[in-house]
Amino acid sequence: MNKEKLKKIKEDSLITLLELHMTAHSGHIGSSLSCLDILIYLYFQRMSEEDKFILSKGHAAASLYTVLNKYGKISDEQLKTYYQDGTFLAAHPPCGDDKVDGVIFGTGSLGHGLSLAAGLALSTKFSKKNFKVYCVISDGDCNEGSTWEAIMFAAHHKLNNLVVIIDNNGLQGFGRSDEVIKMMPFKEKIQAFGFDVVEAKNGNDFADLDKAFAEIDKNGSDKPKCIVARTTKGSGVSYMEDKLEWHYLPMDDDQYQTAIKEVRSNNA
Amino acid sequence: MRKAFSALMEHAGKTDKKTIFFTGDLGFMALEGVRESMGDRFVNTGVSEQNMVTAAAAVASEGFTVFCYSIAPFTVFRPAEQIRLDVCLHNKNVKIVGNGGGYGYGIMGGTHHAIEDIAVLSSFQNMRCYIPFCKEDVEGVFNSMMDRVGPAYLRLGGGQKPEDLELPKYSHTRKLTSGKKITVVALGPVTLNALTAISSLNKDEIELFVITEIPIPNFSSELQESIKKTGKLLVVEEHVQRGGLGENLAELVLESGLSCQYQHLFAKGYPNGLYGSQKYHQKLSSLDPDSIKSKIQEMINEKK
Ligand SMILES: [Mg+2]
């Protein structure tokens, strides 16, 4: 793992992401920050050109757009259209694979992403193509019955080219996940459903993510893989961290300046 | 009709390796041949229609044509959002196949009927619904559906063709009988009831059309001429009043500037709260041959 490179990409991405949210006056910042490290790790450390990615928690689209921009798939010019009238870069990834390079399916209604990823993974059995599918789902996603349908399906069909990462920040739409609907323990549950499951202690830390991915690589089984990544909503901007309101609120000028200052000083 | 479909599927399974078949755990005594002909490309996805449809859209995005089979209500309503988003908004080549549309599953009860399916699905982007009239009709409908790349819904039902009826070459709108006084347009299998009604009436009076695709791809000139000539239009469908053949056709008539007397026989749901065979429900909704006959007579006798 190239720690320095990832660190630099992260700093750039944070600045871009905050700028995007500020200019657009858009919400879901906390959700974007929660999975930013995972997306950076996937795109810059993990995935090959042939691999496919599905962001099931579509409300973190700005995070995906940012990383696709750093990765070279979304131009600076296109990125500027985020949230504007007549853009492909809406608050949730656009529907159709012909809109944004790197976005195969539009998402935003929870509970679809894992079935999409499982379908893509299954398709290689027919096409004999050779790619892996990575899918980031939220804890809110795991409230949806269809997510568990997809988990059973993936295990039954031995889709070992599927890697699911749960962005487990413990917060969802209107409360703490534990208080809304009990889903823990993810690891034991998903293991029992037939996956190889590994926990990443801190899903906002590249070293922990790297360790988790190394562990699923060690296991050459025919099972699909899942990484339960303990993340922090709003990670990287301390006043946003683990706060439900940053699922919704846009920043004001002062908040934006505070956030940028913190990002710069953390990386100085 | 299901057998005719299975035979076509079996053939497609052998000849087109880009065809994939998903079933939501149904197809006993019907799809065994399809399973055999398709081998690994036949997948029983379990009783999980939401995952079935979304996974189908994903497989389709890799260049395959994917069928999703169940009974009509289960393959439409449970995964309606999956059809709307993953199939329709993405314009994927997924063919939803629902057996037993309308009151087709009769005494199985309301959970097993699909009388709002076309309203729901035809309102989705890029979707077209296909409703074959009888088993002899399935091949024409199937080919029409396969010629159009994109989302489709095939509503299968137990329709029968009278032995002496010669089906015109396939088109979404076909004239079955000719007459001068009234135009009757029926959707898919219930056309048989209209034909039965007409058989005991004066044949020169009634012009009957069968329609098998919704939204109607275009307003056939033959049908326009007929409405212009008779000035009376009766629509018959085993589907609720809203969002089916009646509204679709009424809009085409208005848009084209035609004027006519209009009556609509449609599925009324469960007016007395009781259950029975498909024929029982058709009678409650005035979709049985006798009720259609009375309606035709009433309209013919009405002054223009
Ligand atoms: Mg969450």
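Mentor: The model is a predicted one. In chain B, the domain assignment gives domain 1 as residues 2–156 and domain 2 as residues 173–301. The contact between these two domains draws on 26 residues of domain 1 of chain B and 32 residues of domain 2 of chain B. Taken over C-alpha atoms, the centres of the two domains lie 26 Å apart.

The area buried between domain 1 and domain 2 of chain B comes to about 2,100 Å², and carbon and sulfur atoms give 61% of that area. The rule finds two salt bridges across this interface. Asp137(B) and Arg174(B) are joined by a salt bridge between their side chains, with an N to O distance of 2.8 Å.

On the side of domain 1 of chain B that touches domain 2 of chain B, the elements giving two or more residues are α6 (117–122), β5 (128–130) and α7 (138–147) of chain B. Of the elements on that side, α6(B) gives the most, with four residues. Sorted by class, the side of domain 1 of chain B that touches domain 2 of chain B holds 12 nonpolar, nine polar and five charged residues.

The chain around this interface can be described as a whole. Chain B contains 12 helices and 12 strands. Its radius of gyration is 19 Å, close to the 19 Å that the globule rule gives for 304 residues, so chain B is as compact as a globular protein of that length. The C-alpha trace of chain B spans about 60 × 40 × 35 Å along its principal axes.

Now the contact between the chains. This contact takes 25 residues from chain A and 25 residues from chain B. Between them, chain A and chain B bury about 2,000 Å², with 64% of that area on carbon and sulfur atoms. Of the area that chain A buries against chain B, 31% is supplied by His112(A), Phe126(A) and Glu149(A), more than any other three residues supply.

Three salt bridges are found by the rule across the interface of chain A and chain B. Asp97(A) and Lys92(B) form a salt bridge in which the closest N and O atoms are 3.5 Å apart. The rule also finds nine residue pairs in polar contact across the interface of chain A and chain B, with both residues at pLDDT 80 or more.

In chain A, α5 (113–127) and α6 (145–156) each supply at least two residues of the side that touches chain B. The largest share of that side comes from α5(A), with eight residues. By class, the side of chain A that touches chain B is made up of 11 nonpolar, 10 polar and four charged residues.

Chain A itself has 10 helices and seven strands. Its radius of gyration is 17 Å, which agrees with the value near 18 Å that a compact globule of 268 residues would have. Along its principal axes, the C-alpha trace of chain A spans about 50 × 40 × 35 Å.

Conventions
Residues numbered from 1 in each chain as written. Chains lettered and ligands numbered in written order. Predicted model: local features only at pLDDT ≥ 70, side-chain atom pairs only at ≥ 80, totals over all residues. Heavy atoms only, no water. Domains from an automatic or database assignment. Contact = heavy atoms within 4.5 Å. Buried area = accessible area lost by both parts, 1.4 Å probe. Salt bridge = Lys/Arg side-chain N within 4 Å of Asp/Glu carboxyl O. Nonpolar A, V, L, I, M, F, W, Y, C, P; charged D, E, K, R; others polar. Polar contact = N/O pair within 3.5 Å; in protein donor to acceptor, adjacent residues only side chain to side chain. Rg over C-alpha atoms; globule rule 2.2 N^0.38 Å.
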